[in-house]
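Colleague: I have a model open and would like to learn to read its features. Could we take them one at a time?

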Amino acid sequence: MKRFRAYFLIAPTAALLFLFVILPYVTVLVMSFRAPADGQPYGQGFSIGGYTQFFRESYYAISLPQTLALGMATTFFCLLLGYPIALHIATASRKWRGLLYGIVLSPLLVGIVVRSYGWTILLGNSGVINSTLRDLGIITRPLPLMYNNFGVILALTHVFLPFMVLPLLSSLQSMDPAIAQAARSLGAKRLTIFRRITFPVSMPGVQAGCILVFVLAISSYVTPSLVGGMRVKTTTLLVIDALIDQFQWPFGSAMALILAVSAGIVVLVFARLTRMKWN
Amino acid sequence: MTEVSLRALKKYYGKTAALKGISLDVNHGEFISLLGPSGCGKSTTLKCIAGFEEITQGGIFFDNQDISHKLPENRDIGMVFQSYALFPHMTVAQNLAFGLEMRRVSKSEIKERVMRAMDMVQLTPYADRYPKALSGGQQQRVALARALVIEPAILLLDEPLANLDAKLRDEMRGFIRDLQKRVGITTIYVTHDQDEAMTMSDRVVVMFDGEIAQAAAPEDVYNAPASERIARFVGNANILDLAISARPEGGGIETRLPGGTTLHVTASADWAGERLRIMARPEQIMLTAPEHGQLGGRIAKRYFSGGHVEYSIDTDCDEIAVVGPTTQNLKEGDTVGLCFDPARLWPMPDDRDGAAP
Ligand SMILES: Nc1ncnc2c1ncn2[C@@H]1O[C@H](COP(=O)(O)OP(=O)(O)OP(=O)(O)O)[C@@H](O)[C@H]1O
Ligand SMILES: [Mg+2]
């Protein structure tokens, strides 16, 4: 009876999960094995053509490592920038903490399109940076700041930084301040405390933040398409292209699944490498 | 030999004074308790000694060396925190090894000393466990061993038993005390539990409002408190407010109890004035037949508490608490006589609000 009631309580969540997560995945899975057809999104019968096409044509195949590398680079820079920020907020006085929190979260209030567009204004060939440098006579030809990996990683890092900072912050703030004091009383200096205590203890936050940013970065569409200007081909862009522009639903679905599985493997390997026996 | 010396130590947080001038000398190998109500500055004192708080004024000396501005990591202290503050990502053995690694002790010696420390606190079977997989008492012992394994000059403990249940607390009290005696380390122990302070310490330092009210052996703090506030804080105290009737040649003071009996208080200085406030501890008062007592009364309440019986007795001198043996057959409503032991009565200055100190 008790057990039944417990099931009853999770029933709505389970239903939602089924309806909006499992069902779409199953649909995509089925669709990815459909036969392609001309003039229609998909035809009769089944085929593995979508999968073979992806790996056969380098134009598509190369986008996978490119996307994963882009995601990893973004994750790395988010961690690099986010950790000091989180550390600073966690140790700030109460008065400052609220303000810093606000500053970190404020980008989320502005839509992702606006933020990405902002970067094109800054990085474009006749954008703020290039035209200033040209006016100052430092350069004659614009620096390639946009339409390349550099620009996309920069913009993605900015866009997803809050998703790194928040889990880090929660990890750091839940840490007993006495732990660092204990380390000091045992003779540890500042840097040693960070390396041997603070960072390892905040590992759950590092892990969560990295996974979150990585997954968001590889599946993002707006930023790579605006800042990359279709010259940085991520698998996600190709998926949308296949689904919407080329009207090839089976191929698009196959690519989407290949990306999802690859990302899943990366995340699993990462989680495995950063596993914490103590937690 | 003086190990730790606090000289007119002051600590302000902004404008509020947490410590208003603490002076204290702790001898080598001594076990000192800082005892006081919440917010009196016990932890602050300890943090200043450890170096986690910058002192505002005064000085801290270890072995006559001024270390007031030394960093905590250079002070050679071992500290045990109320929350234990174990490193969650390290096993018991790794926790113990950390301080030795910081001191660049050789690997083989670390291993040996960690083994010895684990043995000392009976944790050898748990060497490879993470703190999360230990009980509160076990974590407590890890914290203790981690502080001691570096063989510091001074051991500081901030309410280390506050998170344990009553039975374990009693056990750990004896454990810490024995260990401290065995190692012979100078120890400063913060607590707000007077029983803990009494049973463990060589000397109890009672603190109120950022000041030391009394620093003395447990017996003296209990039997000869410097003020009424201390008397009440370190146990149950009956305070009798009596008129002084005579100051005999032989010393002491004679007071008159309601009912006419004279009470001779032996332990006393020269108290000026007409009245005397005297402390009598509940277990130092004997209940007898009404005609034998110095003061008559009626038992208002009686509580049996296992080892002894607690009475609340209505007398002409307010309500008086008495603790007696269980062999006495007395009921609520009985009239009794109260017998005071003149040698154990303790006169005190009147420090109630509004009264002169
Ligand atoms: N960081 C701080 N900032 C401002 N005031 C503080 C700070 N730390 C302590 N205080 C104040 O200093 C006084 C003494 O605090 P302390 O922590 O030493 O008390 P305590 O005797 O240890 O009490 P408890 O038994 O509750 O631990 C308190 O009034 C407290 O409010
Ligand atoms: Mg405290």
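Modeller: Start with helix α1 of chain B, residues 42-50, which is mostly covered: 7 of its 9 residues are buried. Helices (H or I, at least four residues) and strands (E, at least two) are DSSP runs, numbered from the N terminus. Buried means under 20% relative accessible area, exposed over 50%, partly exposed in between, with a 1.4 Å probe and protein chains only. This is a predicted model: local features need pLDDT of at least 70, side-chain atom pairs count only at pLDDT 80 or more, and totals for chains, interfaces and linings use all residues. Residues are numbered from 1 along each chain as its sequence is written, chains are lettered from A and ligands numbered from 1 in the order in which they are written, and side-chain values use heavy atoms, leaving out hydrogens and water.

Colleague: Which residues of α1(B) are buried?

Modeller: Lys42(B), Thr44(B), Thr45(B), Leu46(B), Cys48(B), Ile49(B) and Ala50(B). Gly51(B) follows α1(B), with a positive phi near 100 degrees.

Colleague: What does chain B come to in secondary structure?

Modeller: 8 helices and 20 strands. Of its 357 residues, 51% are buried. Its C-alpha atoms fill a box of roughly 75 × 45 × 35 Å along the principal axes.

Colleague: How do I read a sheet?

Modeller: Begin with pairing: two strands pair if DSSP finds at least two bridges between them. In a regular strand the side chains alternate between the two faces of the sheet. Here, an open sheet of 5 strands in chain B has the order β13-β12-β11-β14-β20, with antiparallel pairing. Its edge strands are β13 (262-265) and β20 (346-348), each pairing on one side only. The twist averages 50 degrees from one strand to the next. Angles run from 0 to 180 degrees between N-to-C directions, with axes as lines fitted to C-alpha atoms.

Colleague: How many bridges join β14(B) to β20(B)?

Modeller: 3, with the strands antiparallel; β14(B) covers residues 275-280. Arg277(B) stands opposite Met348(B).

Colleague: Which strands pair with β16(B)?

Modeller: Two cases. β16(B), residues 295-304, pairs with β19(B), residues 335-340, over 4 antiparallel bridges. There, Arg298(B) has Thr335(B) as its bridge partner. β16(B) also pairs with β17(B), residues 309-315, over 7 antiparallel bridges. Ile299(B) is bridged to Ile313(B). The hairpin of β16(B) and β17(B) has 4 residues between the strands, and Gly306(B) takes a positive phi near 85 degrees.

Colleague: Where does Pro258(B) lie?

Modeller: In the loop between β12 (253-256) and β13 of chain B. Pro258(B) counts as partly exposed because its relative accessibility is 27%. Contact means heavy atoms within 4.5 Å. Leaving aside neighbours within four places in sequence, Pro258(B) is in contact with Leu242(B), Leu295(B), Asp316(B) and Cys317(B). Pro258(B) and Cys317(B) are 59 residues apart in sequence, yet 6.8 Å apart in space, C-alpha to C-alpha.

Colleague: Which share of the contacts in chain B links residues 24 or more positions apart?

Modeller: 66%, counting contacts with a separation of 6 or more.
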